[in-house]
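My entries follow in the order I made them.

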Amino acid sequence: MNDSTTARAWNDDSSTAAPSRIAQDSGDDNLHVAIIGSGSGAFAAAIRAAEAGARVTLIESGDIIGGTCVNVGCVPSKIQIRAAELAQHQRHNPFEGLADREPKIDRSRLQSQQQSRVEELREAKYQKILDDNPAITLRRGQARFEDAHTLIIAAQDGTEHRLAADRILIATGASPTIPPILGLADTPYWTSDEAVFSSEAPEHLLVIGASVVAVEQAQAFRRLGSEVTVLARSTLLSSEDPALGDGIAAAFRAEGIDVREHTQARAVRFEAGQFILDTDDGPIQGDRLLVATGRAPNTRDLALDKVGVETDDSGAILVDTSLRTSAEAIYATGDCTTLPQFVYVAAAGGTRAAVNMTGGHARLDLSAMPAVIFTDPQVATVGLDERQAQARGLEVETRTLGLEHVPRALANFETRGFVKLVAEAGTHRLLGAQILAPEAGEMIQTAVLAVHHGMTVEALGDLLFPYLVHVEALKLCAQTFTKDVEQLSCCAG
């Protein structure tokens with residue numbers, strides 16, 4: 001398949017003289033798409049481009065394929081979190097007739113089971129696609145741009161290879177950001193990549209960070225038997241509606257997690273098997289330190305300056321809704337861009353980039369993007385929160401419904417949390433939802449559909465919802481815009 005509007009043969013290297021040490025690629029006349037990376041965004045793009053008739057080359061610099069999600073992110077962390085949740089259910093439950101007991105935890109066996117599932121999914125969702133699709137080829141090595149249609153691939157043995165392509169997609173992901181704390185680099189700290197696969201239970205885990213990874217890991221380690229102290233530069237989940245961070249902080253403290261908000265480590269040292277953090281609250285000591293302060297885009301070694309691909313100050317690639325960069329024929333998706341760092345955003349971007357690279361027209365719409373944090377209770381959001389809506393100049397009405405008004409939460413004897421809905425004043429069009437609840441991740445997609453389709457809160461409240469389910473909280477909260485739900489009977493329509 002050829003696109004005459006940007007016609008250039010994939011093996012046409014006439015514009016640059018190749019040094020003799022660089023081997024040349026060769027191939028057929030199909031449109032050639034080169035993809036730097038092998039994570040979810042890369043594979044989503046490869047599959048769609050191959051379906052459109054393109055020849056695809058994936059380029060992976062590391063030893064394993066699959067990117068962050070399956071290897072060190074979503075999959076292993078959710079296995080760890082689920083195990084920790086079940087341990088906590090044994091330790092504490094709300095039913096008077098069920099005896100609590102301290103769980104017996106074998107971290108080594110948990111880690112082995114976790115790793116086995118990671119390997120199974122990597123084989124099924126990544127390697128099998130390569131094995132079954134002759135249009136997709138994997139190349140090993142570190143890629144960098146020579147020009148907008150040519151990559152130099154440096155292999156581990158020191159050889160280099162020139163690869164020319166009609167279109168190039170950058171999907172190189174991101175890596176943990178390490179803050180410039182005095183002495184930190186000289187200590188054996190963990191990033192989330194190491195922590196999620198730990199086969200040991202630290203006596204006292206110190207966590208620097210207060211966003212998604214930090215809070216998920218902090219609670220998981222606490223529930224698997226460690227003392228935990230969290231240092232937050234401001235508050236937990238500071239980029240979210242303040243009530244969400246307040247709710248998680250209260251839940252953490254109830255479980256014995258020491259939450260130190262507005263606290264920073266000025267210096268770190270490691271002595272006799274202990275990390276000592278110098279803070280405004282005095283020294284804090286623990287036997288393990290997790291640094292979870294965000295992830296930075298893997299773009300430094302791509303030579304983007306040679307091809308005019310623009311980035312922000314962090315190195316994240318600027319893309320438009322079509323996933324195009326500032327350079328013609330070069331696209332990007334995933335955590336290496338300014339897009340939200342979610343695996344499903346990376347994959348959706350990869351698919352749409354592939355459509356556009358093979359002559360189609362597709363756009364990535366993030367106006368109804370769900371986000372879930374897998375703490376307990378969970379945090380889930382979609383659309384605009386109250387502050388974001390007001391920053392856009394919108395007049396809003398909001399309602400918050402505590403879970404003590406939700407029949408399923410009452411039946412479960414678990415009423416921590418709330419549902420908050422943000423609606424446009426006057427029209428009552430739903431703009432966003434914020435949920436703190438045990439099943440928030442399962443509830444949020446209903447709100448996603450409501451935001452996506454421009455529903456009013458009255459229309460949402462008038463829908464039939466099953467009973468008893470947590471998602472009924474959305475209906476009840478929507479009804480509070482016009483009714484007092486305390487005056488309604490169960491299942492009131």
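Entry 1: I looked up histidine 262 and found it exposed, with a relative accessible area of 54%. The model is predicted. Histidine 262 sits in the loop that runs between strand S12 (258-260) and strand S13 (265-271). Its phi is near 55°, a positive value in a residue other than glycine. I noted this because most residues other than glycine have a negative phi.

I then turned to phenylalanine 413, where phi is again positive, near 55°. This residue belongs to the loop between helix H10 (407-411) and strand S22 (418-424). I logged phenylalanine 413 as exposed, since its relative accessibility of 55% is over the 50% cut-off.

**Entry 2: cis peptide bonds.** I recorded a cis bond from aspartate 376 to proline 377, with omega near 5°. Proline 377 is in the loop between S19 and S20. I recorded another cis bond from tyrosine 467 to leucine 468, also with omega near 5°. Leucine 468 lies in the loop between helix H12 (457-462) and helix H13 (472-479).

**Entry 3: salt bridges.** How many salt bridges does the structure hold? I have 25 in my notes. I looked at them because side chains of opposite charge can pair when their charged atoms come close.

I started with aspartate 258 and arginine 260, whose closest N and O atoms are 2.9 Å apart. Aspartate 258 is partly exposed at 28% relative accessible area, and arginine 260 is partly exposed at 22%.

Next I took arginine 416, which forms a salt bridge with aspartate 376, the closest N and O atoms being 3.8 Å apart. Arginine 416 is in the loop between H10 and S22 and aspartate 376 in the loop between strand S19 (371-373) and strand S20 (378-383), so this pair ties together parts 40 residues apart in sequence. I have arginine 416 as partly exposed at 30% relative accessibility. Aspartate 376 has 12%, and I count it as buried because that is under the 20% cut-off.

Arginine 416 also meets glutamate 414 in a salt bridge, at 3.1 Å from N to O. Glutamate 414 is partly exposed, with a relative accessible area of 23%.

Entry 4: H3 provides the largest share, five residues.

**Entry 5: cysteines.** I searched the whole structure for disulfides and got zero. Is cysteine 477 buried or exposed? I have cysteine 477 as buried, at 0% relative accessibility. Cysteine 74 is partly exposed, at 29%.

Conventions: Residues numbered from 1 in each chain as written. Predicted model: local features only at pLDDT ≥ 70, side-chain atom pairs only at ≥ 80, totals over all residues. Heavy atoms only, no water. Disulfide = S-S within 2.5 Å. Buried < 20%, exposed > 50% of the residue type's maximum accessible area, 1.4 Å probe, protein only. Helix = DSSP H or I, 4+ residues; strand = E, 2+ residues; numbered from the N terminus. Salt bridge = Lys/Arg side-chain N within 4 Å of Asp/Glu carboxyl O.
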